[in-house]
Amino acid sequence: MDCLFCKIVAGQIPASIVKSTNLITAFNDITPQAPTHILIIPNQHFANMAEVAQSNLELAGEIFKTAGEIASELGLDSYRTNVNTGAGAGQSVFHAHLHLLGGRSFAWPPG
Ligand code: 5GP
Ligand code: ZN
């Protein structure tokens, strides 16, 4: 399968890896939207996070747990986790990922 993030997991495309286990890989986003912008992905290919949760709830939990661990390791007491599902919501890479953003303030609701 021609999937960018599968290639990052396989080491075929370089990435700035933050954490890697037998289940997940976390790496810095190439176009950061905040001082900290890390993507946490399952090593196994799923099209989006909903498919991860449907197929393997524990793996979905592992991804959120990793976000909390990395935030704590980086000393972030406030951070945003974001999931885009579908092109209409801004998903551009169709391998499931969780965005972990921190280091600046985030206004909510947006706009
Ligand atoms: P999405 O828009 O699908 O929610 O998020 C995809 C993210 O992947 C974007 O924030 C984009 O900057 C990031 N991205 C796209 N290509 C690469 C790449 O080759 N390397 C890394 N590290 N991030 C990438
Ligand atoms: Zn993939």
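**View 1. Lys 65 and Glu 69, about one helical turn apart in helix H3.** These two sit 4 residues apart in that helix (helices are DSSP runs of H or I, at least four residues, and strands are runs of E, at least two, both numbered from the N terminus). They form a salt bridge, with the closest N and O atoms 4.0 Å apart; the term covers a side-chain nitrogen of Lys or Arg within 4 Å of a carboxyl oxygen of Asp or Glu. Lys 65 is partly exposed at 46% relative accessibility, and Glu 69 is partly exposed too, at 30% (buried is under 20% relative accessible area, exposed over 50%, partly exposed in between, using a 1.4 Å probe and protein chains only). The model is predicted: local features need pLDDT of at least 70, side-chain atom pairs count only at pLDDT 80 or more, and totals for chains, interfaces and linings use all residues. Side-chain values use heavy atoms, leaving out hydrogens and water, residues are numbered from 1 along each chain as its sequence is written, and chains are lettered from A and ligands numbered from 1 in the order written.

**View 2. A salt-bridge network takes in Glu 69.** Its linked members are Lys 19, Glu 62, Lys 65, Glu 69 and Glu 73.

**View 3. Lys 7 pairs with Asp 2.** Their side chains meet in a salt bridge at 2.6 Å, N to O. Lys 7 is partly exposed at 26%, while Asp 2 is exposed at 69%. The salt-bridge count comes to 5.
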